[in-house]
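Try each task before reading its solution.

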Amino acid sequence: MPYLERLFADHEAQEAEIFASGLDWVIARPGPYTDRARTGAYAHGVGPAPRGRALRFKISRPDVADFLLRQLTDDTYLRRAAWLTH
């Protein structure tokens with residue numbers, strides 16, 4: 001199996017384990033990371049990201065951390081997978 005096929009199969013298997021766990025969970029699917037500072041101004045949602053946005057628009061690591069920390073007290077994405085991007 002080619003490398004990318006194995007990578008995606010592994011990714012799907014990991015998420016299937018999370019979905020079946022019975023636990024409370026949120027999956028964050030950020031666009032490419034940057035080392036920029038936290039802005040607090042980023043887009044997020046479920047389903048497909050706006051066309052081309054997930055690959056074109058990067059997001060800072062601190063903004064990903066901001067999103068994840070917010071999930072501790074916000075049920076918007078409980079048991080859902082959210083895309084993140086600027």
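**Exercise 1.** Does W25 count as buried or exposed?

*Solution.* Start with the ground rules: this is a predicted model, where local features need pLDDT of at least 70, side-chain atom pairs count only at pLDDT 80 or more, and totals for chains, interfaces and linings use all residues. Residues are numbered from 1 along each chain as its sequence is written, and side-chain values use heavy atoms, with hydrogens and water left out.

Next, the cut-offs: buried means under 20% relative accessible area, exposed means over 50%, and partly exposed is in between (1.4 Å probe, protein chains only). W25 comes out at 13% relative accessibility, so W25 counts as buried.

**Exercise 2.** Find the aromatic pairs and classify their geometry.

*Solution.* Rings of Phe, Tyr and Trp (its six-membered ring) pair if their centres lie within 6.5 Å; planes under 30 degrees apart count as stacked, over 60 as edge-to-face and the rest as tilted. There are 2 aromatic pairs in the structure. In one, the ring centres of F19 and W25 are 5.1 Å apart with the planes at 40°, so this pair is tilted. F19 itself is partly exposed, at 44% relative accessible area.

F67 and Y77 also make a tilted pair, at 5.6 Å centre to centre and 50° between the planes. Now place the partners: F67 is in helix 3 (residues 61–70) and Y77 is in the loop between helix 3 and strand 5 (80–85), so the pair ties together parts 10 residues apart in sequence. Both F67 and Y77 are buried.

**Exercise 3.** Which residues of helix 3 are buried, and what do they pack against?

*Solution.* The buried residues in helix 3 are D63, V64, D66 and F67. Look down the helix axis: these residues fall within an arc of 155° (taken from the directions from the helix axis to the C-beta atoms), so they line one face of helix 3. The buried residues of helix 3 pack against strand 1 (26–30), strand 2 (33–34), strand 3 (43–45), strand 4 (59–60) and strand 5.

S60, in strand 4, is buried with a relative accessible area of 0%. Skipping residues up to four places away in sequence, S60 touches T34, R36, A37, R38 and H86. Q71 sits in the loop between helix 3 and strand 5 and counts as buried at 14% relative accessibility. Leaving out neighbours within four places in sequence, Q71 contacts V26 and Y77.

**Exercise 4.** Go through the salt bridges and say what each one connects.

*Solution.* Side chains of opposite charge can pair when their charged atoms come close. The cut-off here is a side-chain nitrogen of Lys or Arg within 4 Å of a carboxyl oxygen of Asp or Glu. The structure holds 5 salt bridges, including the ones below.

- E15 and R29 meet at 2.4 Å, N to O. The pair links distant parts of the chain, with E15 in helix 1 and R29 in strand 1, 14 residues apart. E15 counts as buried at 9% relative accessibility, while R29 is partly exposed at 35%.
- D24 and R79 meet at 2.5 Å, N to O. D24 lies in the loop between helix 1 and strand 1 and R79 in the loop between helix 3 and strand 5, so the pair ties together parts 55 residues apart in sequence. D24 counts as exposed at 55% relative accessibility.
- D66 bridges to R70, with the closest N and O atoms 2.7 Å apart. Both lie in helix 3, 4 residues apart, about one turn of the helix. D66 is buried at 11% relative accessibility, and R70 is partly exposed at 44%. Salt bridges that share partners join R38, D66 and R70 into one network.

**Exercise 5.** What is the phi of R79?

*Solution.* Most residues other than glycine have a negative phi. R79 has a positive phi of about 60° although it is not a glycine. R79 is partly exposed, with a relative accessible area of 47%.

Note on methods. Helix = DSSP H or I, 4+ residues; strand = E, 2+ residues; numbered from the N terminus. Contact = heavy atoms within 4.5 Å.
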